[in-house]
Structures are given as structure tokens and as C-alpha cells.
Amino acid sequence: MASDWCELHVHIEGTLEPAMIFDRARANGIELADPDEASLALRYEFRDLQSFLDLYYENMRVLRTEADFYELTAAYLRRAATAGVGHVELFVDPQAHSARGVPAGTVLRGVHRALDTVGAEAGVTGGIIACVVRDQPVASADAMLDDVLGSGVPILGLGLDSAEVGYPPSLFARTFERARDAGLHVVAHAGEEGGPDYVWEALDVLGAERIDHGIRSLEDPALVRRLGSEQIPLTVCPLSNVRLRAVPSIEEHPLPKMLDLGLKVTINSDDPAYFGGYLDDNLEALRDAFGFDPDVFRTLAANSVAASFISGAPARA
Ligand code: ADE
Ligand code: ZN
């Protein structure tokens, strides 16, 4: 497959495969709750976003050193290249690591070094988007932004992730204002489990240039008009939406409707080690469910390039 896709919504911690969990736990002397991969695998059944996040944060405890983050990113880049990804804008959750005593600089240097070296070998360019973990206090988000800006590692943008409902984007208005002033791009998870009001706030209060997920935007016709007229990119993650029960099945996913409405949608894997696959697996699931012809995939690939920050221009004017 040609490397003509940009992956714009993938959490590096969500690429932590079970084999690497056991490998890193052994290397770092960390005791796991499960004796083996088969036992761990039984826990990959999720009721909702929170039930996934509980396991996601538990598993990432095995990541402690710069080398761990390097190896994690290297493995993702090699796999993404086989999926046709030529460029990635990688989400990282520095607060989830600093809370365990792993400094943001350690995390970012490992990810950045892999993007630089393994990215070049694999033919994948990339950048880092540091995400605010929205169910942690605002002061922690501000400290994270300070750490990230002070790390000396080049950063593409600031994002917003973790448990959505009860944590509206407006809580972090000042943090995102500081990020914009520092020249960072701004994106936000919204409309995954939260309603359209979360998407409005991400756009109007945070100045988000892309909306991550955004599938619940369809409940609000005025929001759909806004997203369509301004061609604001939505980074949609079909397998994630099914596994976290945001939609009942892949066949009932609103992606075809979003395309019909003229929305600028892109396809992404979110947390591929947890949700049944990488970008190519998401594309295959869509092909099987909807029988999309090659033109649709060409549109989706072109959207991903247009929505990326490669050009240096904002994804929306
Ligand atoms: N962090 C990792 N995956 C996420 C998702 N799907 N939604 C919100 N936060 C996340
Ligand atoms: Zn996500």
C-alpha cells in the first residue's frame, strides 16, 4: 500500500501491545496483576470509555525509561509503515507518567528520538501532540505545559483527552490560550461520549483546529453546518467507537452519513493495541461493512493530508 495516509489520532500509550507489557515489566522489575498474556487478554472487553481508560493507565505503568518510550514508538512506526502511514501526529499523555515519577522530558525524548531515527528508516515523518489529561486538575495541566515547553523537545501541539463527560473543554481555556500563544497547534477530543456542547466549546473556547472523534456532532444540525462550512477536520476512529460502545456496530457507524454531509473526516486507530487494529485494520473494517469503492478511500486519504499540520498552516483558517 502506498504511504499516502496521515494518522492524526493515535495515542502512543495505546500502541502498547501485551507482549511489550510483559517484556517491559520484566525489564523494569514491575509486578503485573495478570500472570500471562492470555489472562491479560480476558480484560480487553470494554463497557465504555472509562472501563478502557482504567486498563490503559494500569498497563502503562510498565513504561519507565526513555528507552521504553523509544521502543514503544519504534514498534508503532514500523507497524504504521506497513499500514500505509507516511506521516503521524502522535498523542502523548505526559501527566499519566509524571504522576508516577517519570518526567515529561524522559517521555518526550524517547518518542522524539524514535520519530527521528526509526521514522526516517521506515519512511514515516511525524510530530508530537502532548495531551491534557482532562480528569486531572487544571494546575496539573498547566504544569505539564510548562514541562513540555521547557523540555527542549520540539512539540507540534496541545490536545485534550481522557474521561470526557464531566470535564468540559472550558475548564482548560487558559491552558490552551497559553499553548496557542506559544505557537502550538490545538486539537481536542470532543463528541466521543460527550454531547455536541463539548464540540462547540472545543472550537469556540479552546480554538481547536481539529476535533478528535466528534461523532456526536451529528445530533446538532447547527454544529454540522459549522463543521461543514469551515471544513473543520474530524479524526474519526471506527474500531475504537465500536469497542468502547459509542456505536453499536461497525455497520451502524455514522461515517457514511458524515461523508454524505460533506464533513472533512479522517480515519485513525486511536489505541490500536486495545481496539483490534491499526489504520489498515480500520480501513478494512470500513470496506467490509460499507463496500466503499477506491474513490472513497482516496477522499479519506486526501482529507488526512489536508487535515495534518505538515504544511505548517493551520488545519482550518
Ligand atoms: N486516551 C486514550 N484513548 C482515548 C480515547 N479514545 N478517548 C479519550 N481519551 C483517550
Ligand atoms: Zn483518542
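1. A polar contact is taken here as a pair of N or O atoms within 3.5 Å; within protein, one must be able to donate a hydrogen and the other to accept it, and residues adjacent in sequence count only if both atoms are side-chain atoms. In this structure, a polar side-chain atom of D270 is placed 2.7 Å from a nitrogen atom of ligand 1. The protein covers 100% of the 260 Å² of accessible area that ligand 1 has on its own (Shrake-Rupley method, 1.4 Å probe; for residues, only the protein chains shown count as cover).

2. The model is predicted: local features need pLDDT of at least 70 and side-chain atom pairs count only at pLDDT 80 or more, while totals for chains, interfaces and linings use all residues. Residues are numbered from 1 along each chain as its sequence is written, chains are lettered from A and ligands numbered from 1 in the order in which they are written, and side-chain values use heavy atoms, with hydrogens and water left out.

3. Two further side chains reach ligand 1 through polar atoms. E192 has a polar side-chain atom 2.7 Å from a nitrogen atom of the ligand, and for H11 the corresponding distance to a nitrogen atom is 3.4 Å.

4. The shell around ligand 1 (residues with a heavy atom within 4 Å of it) consists of H11, L49, F52, L53, Y56, D161, S162, H189, E192, H213, D270 and D271. By class, this shell has four nonpolar, four polar and four charged residues (Ala, Val, Leu, Ile, Met, Phe, Trp, Tyr, Cys and Pro count as nonpolar, Asp, Glu, Lys and Arg as charged, and the others, Gly among them, as polar). Helix α3 (residues 49–59) gives the most to the shell, with four residues; helices are DSSP runs of H or I with at least four residues, numbered from the N terminus.

5. Ligand 1 sits in the largest cavity, in the sense that more than half of its atoms lie within 2 Å of the grid points. A cavity is a set of points, on a 1 Å grid over the protein atoms alone, where a 1.4 Å probe fits but cannot get out; lining residues have an atom within 4 Å of a point. About 100 Å³ of space lies in the largest cavity, and of its 15 lining residues the closest to the centre are H11, L49, F52, L53 and D271. Helix α3 supplies the largest share of this lining, five residues.

6. The whole structure holds two cavities of 30 Å³ or more; grid points are joined across faces, edges and corners, and a volume is the space filled by probe spheres set on the points.

7. The largest pocket has a volume of about 170 Å³, a pocket being an open set with protein on both sides within 12 Å along at least five of seven lines. The lining of the largest pocket divides into seven nonpolar, no polar and four charged residues. Its largest share, four residues, comes from α15.

Note on methods:
Helix = DSSP H or I, 4+ residues; strand = E, 2+ residues; numbered from the N terminus.
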